[in-house]
Each structure stands twice: as structure tokens, then as C-alpha cells.
Amino acid sequence: MEDLTSTLELPSVLPSVRDFIRGGTKKLLIHGRWVPSKAERTFSTLDPATGEPLAFLYEADEGDVDEAVRSARRALEGPWSRISPAERGRLLWKLADLIEENADELCQLESLDTGKPLTETSVADIPLTVEQFRYFAGWATKLTGDVLPVSFPGSYLAYTRREPVGVVGAIVPWNFPLLISSWKLAPALACGNTVVLKPSEITPLTAIRLGELIQEAGFPPGVVNIVPGYGPRAGSALVRHPDVDKITFTGSNRVGKEIVRAAGDDFKRVTLELGGKSPNIVFPDADLEAVAGGVMMSIFFNQGEVCSAGSRMYVHRDVYEDVLEAVVEKAKSIRQGPGVDWMTQMGPLVSRQHMERVLGYIQRGIDEGAKLLTGGEKGEGQGYFVKPTVMEAEDEMTIAREEIFGPVLAVMPFEELSDVVKRANATKYGLAAGVWTRDLKKGIQVAHALRAGTVWVNGYNLMDPTSPWGGFKESGWGREKGKEALEHFTEVKSIWLNIQ
């Protein structure tokens, strides 16, 4: 095996993390057993802070996915169907406890694999994962139907019940591997489904560690199967498998459209959380100090690799120069480095290919006439660093229209409320938005007018398991989190009893 990344030698890296990564080629979890892929092909995940190999894994393909789906079906029709709702809830709660007990290790694995800082994984990714499993553990015993007041002639007892959709194929992106896995697994399992989870081939390590914790929690074999691999082979096989009842996918619009077309062949249920080009709107009466900090959170959190990133900022002309100056100064002060260094405020992008994509967007912005105020170039070191970038732009420019998925902020002035709402809505996306004003009446008015699934007023990237997540327009279908997620993991059955 090749030498692994030098980042593992940093004193901040836990011995248990080193042992996990150096513990050999990671296997697939199928029906409660860790197995190599049938073809025994392997791939490596790279440390984005150095570009060096981080870990090696077996690569799942069509045959492995088929075995995982058959395993999920056996569990669905076998032991999992006989477990009470209360026991499902206890298993989910036990899993949440185990994630919490191993939080330090999971924080570091996530930071190593994605590049994101420990200050983010320890405050957001891992705690929110714990709370997601606990929230849906509570729902397992509350999936009720209704007794129906039917008026059909005669005497009947008519009622509904919620039943699991069946075998769920869950495809997870590389930017929040563990957290988004929990968004899919927790409601699916609470509702009694079984799952085949395909993590991204770029950041699969916390999914593997989660599989170990799922086993430790006591879930029956086959309830959760984990098949790391590439989209064109493993992902496509999962989407097209005739015995998969539902696909839940988070990722790009292009792949989302391909999934819809493929799932249509056998009418699979589909939920999608896709891209965004989210606006931040700053009114002249806003708390400008809070704005500067909020904008940092909206665009530079997770290196800007966030579907909801506030990548368009509209600032009222009266405070435009003041806000711009504050944002640029804060962007210049951000400290970059490996995610597992506690001093790091923004880590590297996830891959060389993605870094080059982001840098290409910045150059295109300059070519189209955008004014570069700070950043705009590769950061220091051999990893995939891009400096925090702020650019003055215009609405029709590419950097103000297309999702960049990196630390690039396009700033534009406005004067009238009606004009800025129209401009903010002039996008094919509709995932999230931010509004900054001390006038809550105005904040509510604008929030209602924006075509977005989530609108934050005087804050950004605020998350909770109770709050549904999803987008309008091309930002997706359906909702994750909150009670709304339960609708997508259950089928409603009507039952009539003739009691005449």
C-alpha cells in the first residue's frame, strides 16, 4: 500500500483516526458483513490539504449493488418488518448515542476527507447528525393514520395507515457526507424502510465508520448496506435496479435530471436536493456588523461548497461601500490550512478538479468585466486551496448566475425593494436566501416574496432537524428533515371494512 498523507502525522490527529485509516482497504457493508467488492477493484480517496492518498477502499459496481439491494429486500420482508416501532426508535437513539460518543473521531475523519475545518465539523456536522437521528427516533412511534368519516351508503369502518415505501437507494454528495447521510437514513429507518447507501467516492470515510456504529447499535443485517463507488457504475446501478422502490439523492442538477429519467422507467419514488444560487439582501437599516459576520458564514462556511451558499449579495446603495469594505476585510483575514488544524478557519476545496473549476469561474468573471476585490487565486501549499474571493459583478455575468460551489461572492448594489426581490428571484434555483434588516415587517414581507425553500432573516445557514429542507424550481423535489420528510418515506393505504 502506498504511503498515506503526511497530514496524519500532525499531533492533533487522534490515534484512533490513524488506526482506522491505516487499518487496510475499506470494505463494503452488505447484509451485516464487511466484504470486498466482487471485482476486487480499489480506489483511493485523497487528502485535499496535500493531494496525497488518504485511504483505500473497495469499489462497488453493478454486482455489488445487486447483492446489497437483495440484502435490503430480505431484511425488509424479514426481521425488520417484525420489529416494533418502539424498537426502531430505540435503535435510532442508540445509534445517535454512539455517534456522540465517537464525535471527536468522526469530526477528524470528516475534516481529513473533505478539508473542512474542525471548528465546523465539531459545531455543525457531527452534533446535527446526532440530533437528526434522535429527532426521527421519536417519530418511529408516531406514524399514525386516520379514521375516515366516509359518506358512502352503508356502514363501514374506513381508515388509513402509513407503510414503508420499501427499499431506499440513498445517494450522498461529498460536501456533507455524514450529515446528509443522516438526513436520508434517519427518516427512512424510522418509517420502517431498509436502505442501500452510496456515499461519494470522494469522501466515503465517515459512511464506513457509520456502518460500524450501525452494527454496534444492533440493527439487523441488511437494514443498512453501504456501497462506496463511482456514480456511473454504482450510482446508476442503484437508480436503475428494479427492486429499489425509492431514490433519495443530493447533488448536481445534471445528475438529478438523469435520475428522474432513469427512475421513470419503473416509476420509482424520487426526492432530490440539488443546486442553488442563493441571494443575501442587505437593507440600509441592517446591523452592519452582524451582516459582515453573516456573509462570512453564508459564503465561506465549508469553503463555499454548500448548495445554499449565499453567493449573490445585493446591498442597498446607501450602505454599499461600508458593507463591501467590511466584507473584504474579513475575507482577507481568514486563515487557511488543513481542516484538522484547530487554527484553520477555511480549508481546501475537495479535489484538484473542483479547485480548477472554481478558479475557472473566477477568471471568467474577470473576463466578463467583474471587479476582483480580494482573493481570486490559488492559496498557499500543495493542497487544493482557493483564497476567499469577493468580486463586484452584474446580474447577467456568469459568476452571478451559475452555481460555483466555492468561496466566491458576487456583490451588486440595489435601490428599490421591489427591484431587488425581482432580481433575487431571477434564477433557475430556489433553495435558500438571506434578508438583513432591523425592520421585521420588511423582513417578513421580503421572505414571503422570495421563491426559496428556506429564508433566513438576520442570520444564515441556521439548521435544525425540525426545519424542512429543500428547494423551489430546479433546486429539487420534496423536503428533507422535519415531519415533511416522513411523507417521502411512507405510502398511505386506505382500508375499508364493511360492518353492516
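I counted salt bridges first: the structure holds 32. I note that this is a predicted model.

**Bridge E59–R41.** I looked up E59 and found a salt bridge to R41, with the closest N and O atoms 3.6 Å apart. E59 sits in the loop between β4 and α2, R41 in the loop between β2 and β3, and 18 residues separate them. E59 counts as buried because its relative accessibility is 4%, under the 20% cut-off. R41, at 33%, counts as partly exposed.

**Bridge R134–D97.** Here the closest N and O atoms are 2.8 Å apart. The pair links helix α6, which holds R134, to helix α4, which holds D97, 37 residues apart. I logged R134 as buried at 15% relative accessibility and D97 as partly exposed at 23%.

**Bridge D395–R423.** I read 2.7 Å between the closest N and O atoms. D395 lies in the loop between β15 and α14 and R423 in helix α15, so the bridge ties together parts 28 residues apart in sequence. D395 is partly exposed at 26%; R423 counts as buried at 18%.

**Helix α2.** I checked its length. Its 16 residues, 62–77, should span 22 Å at 1.5 Å a residue, and the end C-alpha atoms are 23 Å apart, which agrees. Its buried residues include D64, V65, A68 and V69. Among the elements covering them I noted β1, α3, β7 and α9.

**Surface patch.** V147, L157, L497 and I499 form a nonpolar patch with about 350 Å² of accessible area together. I placed L157 in strand β6, partly exposed at 34%.

Definitions and conventions:
Residues numbered from 1 in each chain as written. Predicted model: local features only at pLDDT ≥ 70, side-chain atom pairs only at ≥ 80, totals over all residues. Heavy atoms only, no water. Patch = residues over 30% accessible without salt bridge, like charges linked within 9 Å, V, L, I, M, F, W, Y side chains within 5 Å. Areas by Shrake-Rupley, 256 points an atom, 1.4 Å probe, with all protein chains shown as cover. Salt bridge = Lys/Arg side-chain N within 4 Å of Asp/Glu carboxyl O. Helix = DSSP H or I, 4+ residues; strand = E, 2+ residues; numbered from the N terminus. Buried < 20%, exposed > 50% of the residue type's maximum accessible area, 1.4 Å probe, protein only. Expected span 1.5 Å × (residues − 1). Contact = heavy atoms within 4.5 Å.
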